[in-house]
Amino acid sequence: MTIRAVVRGVGHYLPARVVENAEFEGSLDTTDEWIRSRTGIERRHFAAEGETTSQLAIKAATAALADAGMTADQIDAIVVATSTPDFTFPSVATMVQAGLGNTNAFAYDVQAVCAGFVFALANAQGLILSGQAQRVLVIGAETFSRIMDWADRGTCVLFGDGAGALILEAAEGTGTAQDRGILATDLHSDGRYRDLLYVDGGVSSNGKSGHLRMQGNAVFKHAVSKLAETAHAALAKTGLTPEDVSWIVPHQANLRIITATAERMQVPMERVVVTVADHGNTSAASIPLALSTARERGQIKPGDLIVTEAIGGGLAWGSVVLRW
C-alpha cells in the first residue's frame with residue numbers, strides 16, 4: 001500500500017483594495033507601460049489598514065474547507081508559509097487555528113519567502129506519509145505591502161497581498177505516477193546569495209521591520225536556471241517528462257521569468273497558469289492563489305498533472321509534482 005497526500009480542497013482570498021499600475025505614476029518615476037512591459041503586472045491587491053496576514057489566511061482557509069466539504073475540527077495540522085507574520089510570535093498558524101475554532105490540530109509557520117508554499121507542501125506531505133496527520137491545511141499568506149520602500153520603483157510596484165490554501169488528505173494509492181496527490185518534491189537553498197533578496201531589518205539585527213531589497217537582474221538569472229532545473233529534477237523522480245505535464249503553476253513573480261522558465265522546460269505557455277497580471281508577486285501566497293484561481297477558471301481538472309516551482313530569498317527554491 002502506498003499513501004499519497006491528495007488535494008481535497010482549495011480556496012483563496014484577496015483584499016478588497018485593487019491598486020492599478022497608474023496609481024504609482026503620481027509618486028514614482030514610472031508608468032503603467034513601463035511596469036507592464038518589464039513585469040507583466042497590471043494590478044495588485046493591498047490589505048486594508050489593520051487587515052493582517054492571519055486574517056487573510058483565515059479567509060482563504062475557510063474557502064478551502066468549504067470546497068473540501070470539511071469542518072475545521074477535521075484538520076489535524078495547519079502549516080502556514082509566510083514572511084510577513086502578524087507578530088514575531090505567536091505563529092500565524094496558531095492564530096489561524098484559533099480563528100477557525102480548531103482545538104485539536106498542531107500548527108506552525110514555514111519561512112522560505114517566495115518558495116515558502118513549496119516548502120510547506122513538502123512539510124505537509126511528510127506529516128501525512130509519517131502518519132503524524134491525516135488531513136493538513138496548507139496556507140500561503142502575505143502582506144508584503146507592509147515591507148515596501150515606496151520610493152524604490154524597482155521593488156514596490158512588484159508585490160501584492162493575498163492568501164491561498166489547500167487541504168491535503170492521506171489516501172491510498174497504487175504507487176505509480178498515475179496516483180492522485182503529491183508524487184515528488186525537490187527542495188534547495190544556498191545562503192551565499194542572501195544579499196540578492198532580503199529585508200534590511202529584524203528583531204536580532206536592528207529591532208526594526210525593515211524594507212525589502214532586491215538585486216533584480218541577478219535574481220532573474222538565478223530564477224530562470226534554478227526553476228527549470230528543480231522542475232526537471234522533481235519530474236525525473238516520478239519517471240515523467242514535461243510532455244506529461246498538464247499545467248505548470250509557477251510562482252507568480254514576473255511574466256518574463258515565467259515565460260523563460262517554460263521555454264527551458266519546453267512547455268508551451270498554453271499549459272502555464274498565469275495570474276501575475278492581476279495579483280502581482282504575493283510571495284508564498286502566489287502558488288496557492290494561482291491554483292485556486294485556475295481551478296475557478298476551469299483550467300485545472302481532476303487527474304491533471306501539475307508542476308509548481310518557486311524561488312525566493314535565501315536563496316531558497318524548489319518544486320512539487322502532483323496529480324490533481
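Predicted model: local features only at pLDDT ≥ 70, side-chain atom pairs only at ≥ 80, totals over all residues.
Contact here means heavy atoms within 4.5 Å.

Arginine 135 is placed opposite glutamate 169 of β7. In general, the strands of a sheet pair through backbone hydrogen bonds, in either a parallel or an antiparallel sense.

Helix α2 also meets helix α3. The two axes come within 9 Å and cross at roughly 55°, an angle that makes α2 oblique to α3. The crossing of α2 past α3 is right-handed. On the α2 side the contact is made by Thr53, Ser54, Ala57, Ile58, Ala61, Thr62 and Leu65, and on the α3 side by Val92, Met95, Val96, Gly99 and Leu100. Sorted by class, the residues of this contact comprise eight nonpolar and four polar, with no charged residue.

The loop between β4 (77-81) and α3 (92-100) contains serine 83. Proline 90 is found in the loop between β4 and α3 as well. Phenylalanine 89 and proline 90 are joined by a cis peptide bond, with omega about 10°. The side chain of serine 83 reaches the backbone nitrogen of valine 113 at 3.5 Å. When residues up to four places away in sequence are not counted, serine 83 touches Gln111, Val113, Glu142 and Phe144. Valine 113 itself lies in the loop between β5 and α4. Its phi is near 55°, a positive value in a residue other than glycine. Most residues other than glycine have a negative phi, and most peptide bonds are trans.

A second open sheet is formed by four strands in the order β8-β13-β12-β11, again with mixed pairing. Its edges are β8 (181-189) and β11 (247-250), each with a single partner strand, so one side of each is left without a neighbour in the sheet. Neighbouring strands of this sheet are turned against each other by 15° on average, direction ignored. Strand β11 pairs with β12 (residues 305-312) in the parallel sense over four bridges. Isoleucine 248 has valine 307 of β12 as its bridge partner. Two helices pack on this sheet. Helix α4 (residues 116-130) touches β8, β12 and β13 (316-323), and its direction makes about 125° with that of β8. Helix α5 likewise touches β8, β12 and β13, and its direction makes about 145° with that of β12. The loop between β12 and β13 holds leucine 315. A cis peptide bond joins glycine 314 to leucine 315, with omega about -10°.

Helix α5 (residues 216-238) is also in contact with helix α6 (residues 255-265). The axes of α5 and α6 come within 9 Å and cross at roughly 40°. Angles under 35 degrees count as roughly parallel; α5 and α6 are therefore oblique to each other. In this crossing, α5 passes α6 in a right-handed sense. Helix α5 contributes Phe220, Ala223, Val224, Ser225, Leu227, Ala228, Ala231, His232 and Leu235 to the contact, while α6 contributes Arg256, Ile257, Ala260, Thr261, Arg264 and Met265. By class, these residues of the contact of α5 with α6 are 10 nonpolar, three polar and two charged.

Terms used:
Residues numbered from 1 in each chain as written. Heavy atoms only, no water. Axes fitted to C-alpha atoms, helices over the stretch in contact; angles between N-to-C directions. Parallel < 35°, antiparallel > 145°, perpendicular 65-115°, else oblique. Left-handed = near helix turned anticlockwise from the far one by under 90°. Nonpolar A, V, L, I, M, F, W, Y, C, P; charged D, E, K, R; others polar. Polar contact = N/O pair within 3.5 Å; in protein donor to acceptor, adjacent residues only side chain to side chain. Pairing = 2+ DSSP bridges.
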